[in-house]
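Thank you all for coming. I would like to walk you through one structure, starting from a single residue and then moving out to the whole chain.

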Amino acid sequence: PQVEFTQATQSPTVMAEELRVITDLSKQISEFIVVVEQHALSENTSKQLVSLLRIDEYLLTCAQSINTIYHQYQRLDDSELGSFKLDINLYKDSILLNTDLLSGFDLDQLQAQVKTDHDAVKVKLLNLGSRGEISFTTMTLVLDIMREQLYMIQQWLKAIHLLKHVDAQNQ
């Protein structure tokens, strides 16, 4: 069953607390890596620690984007979106259910596909707005949400790609 991306399943207080916990954990991970890095380590280990810091930053950015998207949806009256909600959810599912993420993938190719899918949904939204089928306010709110979704997805793909790279070096 498809979960609507426009449904809020948690209160803003719970979301804020969860983001705070993730941010605190990320800070602790970063501090730990910096402490470990201060010791004499091999060049390979140092490179992997730097990669782990980058992965941590990508994932923290994703968590912050989720929080931003959540709050943007709280301001959105999606009742006038009608069937366009399906397009948003299909776009989301094309990313979240993409089996290429489970195996080796070409980051550049997948990033290009994500951008192409994003642009196709964006064109539909702009057409709805230009025909007056949705209000300008709704159109701009959804554009903001879509921009944040794209950014989050790009950061997620970078994290997964780098994580697979680190994992492959340890094999």
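Is Asn 127 buried, partly exposed or exposed? Asn 127 is partly exposed, because its relative accessible area is 36%, and buried here means under 20%, exposed over 50% and partly exposed in between, with a 1.4 Å probe and protein chains only. Before I go on, please note that this is a predicted model, in which local features need pLDDT of at least 70 and side-chain atom pairs count only at pLDDT 80 or more, while totals for chains, interfaces and linings use all residues. Residues are numbered from 1 along each chain as its sequence is written, and side-chain values use heavy atoms, with hydrogens and water left out.

Asn 127 lies in helix H4, residues 107–130, where helices are DSSP runs of H or I with at least four residues, and strands are runs of E with at least two, numbered from the N terminus.

Of the contacts between residues at least 6 apart in sequence, 82% join residues at least 24 apart, a contact being heavy atoms within 4.5 Å.

Finally, the chain exposes about 10200 Å², with carbon and sulfur atoms supplying 58% of that area, as computed by the Shrake-Rupley method with a 1.4 Å probe, where for residues only the protein chains shown count as cover.
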